[in-house]
Amino acid sequence: MPILEVRNLNKVYDNGVHALKDVSFTVEEGEFLGVIGLSGSGKSTLLRCINRLIEPTSGEIIINGQDITKLNYSQLRQARTQVGMIFQSFNLIRRKSVLVNTLSGKLGRKGLWSSIMGYWSEDERKQALEFLKVVGLQQKANNRADELSGGQQQRVAIARALMQDPKILLADEPVASLDPATSHTVMDHLEAANKQFGK
């Protein structure tokens, strides 16, 4: 069974723009899939529909055998723990440490009180440090996120997504704002994470 199956997905915006038209594809577990297209062709819309950051107009999005287009809010919150997202704009908490930003990948699986208080177990901290090691930033764990370069911040975003322990990892143009050398480094880390953790 595919880890992800998209069937006849459509997204029509309120202004009449038909961003996605009958998109269908499957992704097997461990597969590394790239979506290529011109600016404005619907790539970001597709990714944001897959985890329902925006609502599709019609179609099915089946993750691990579950059609997430039919889930209510609480069911969707649980389903989203299976889908990691790496944004082009990093979306880090700039004044928090690299370690705390990485740990925040666990928030979807923690209770409300633990989330508010920022309580992290020793095992979670060790796991976060291991993911930072994977992306080559273990030595930056105590630095504030806003002290890092753009490429380093993107690698923290990768570590945060891996901390989520997702079944699927989505990356929305993760190297679009980076220089070529840094872009290669970030993509190498994504590929290594895919091989090591089977995402």
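Ile-158 touches Ile-86, Val-135, Val-186, His-189 and Leu-190, not counting residues up to four places away in sequence; contact means heavy atoms within 4.5 Å. The model is predicted: local features need pLDDT of at least 70, side-chain atom pairs count only at pLDDT 80 or more, and totals for chains, interfaces and linings use all residues. Residues are numbered from 1 along each chain as its sequence is written, and side-chain values use heavy atoms, leaving out hydrogens and water.

Ile-158 is also, with Leu-132 and Val-135, among the residues with the most contacts inside the largest nonpolar core, which has 26 residues. Such a core is a set of buried Ala, Val, Leu, Ile, Met, Phe, Trp, Tyr and Cys residues joined through side-chain atoms within 4.5 Å. Buried means under 20% relative accessible area with a 1.4 Å probe, protein chains only. The most comes from α6, with 7 residues. Another core, of 21 residues, lies apart and includes Val-6, Ile-50, Val-83 and Ile-168.

Helices are DSSP runs of H or I with at least four residues, and strands are runs of E with at least two, numbered from the N terminus.

| Property of α6 | Value |
|---|---|
| Residues | 150–163, 14 residues |
| Reach, first C-alpha to last | 20 Å |
| Expected at 1.5 Å a residue | 20 Å |

Because 13 of its 14 residues are buried, α6 is largely enclosed by the rest of the structure. Asp-165 follows α6 and has a positive phi, near 55°.

Asn-51 is in the loop between α1 (43–50) and β3 (58–63). It counts as buried, at 5% relative accessibility.

Technical notes: The expected span of a helix is 1.5 Å times one less than its number of residues. Buried means under 20% relative accessible area, exposed over 50%, partly exposed in between (1.4 Å probe, protein chains only).
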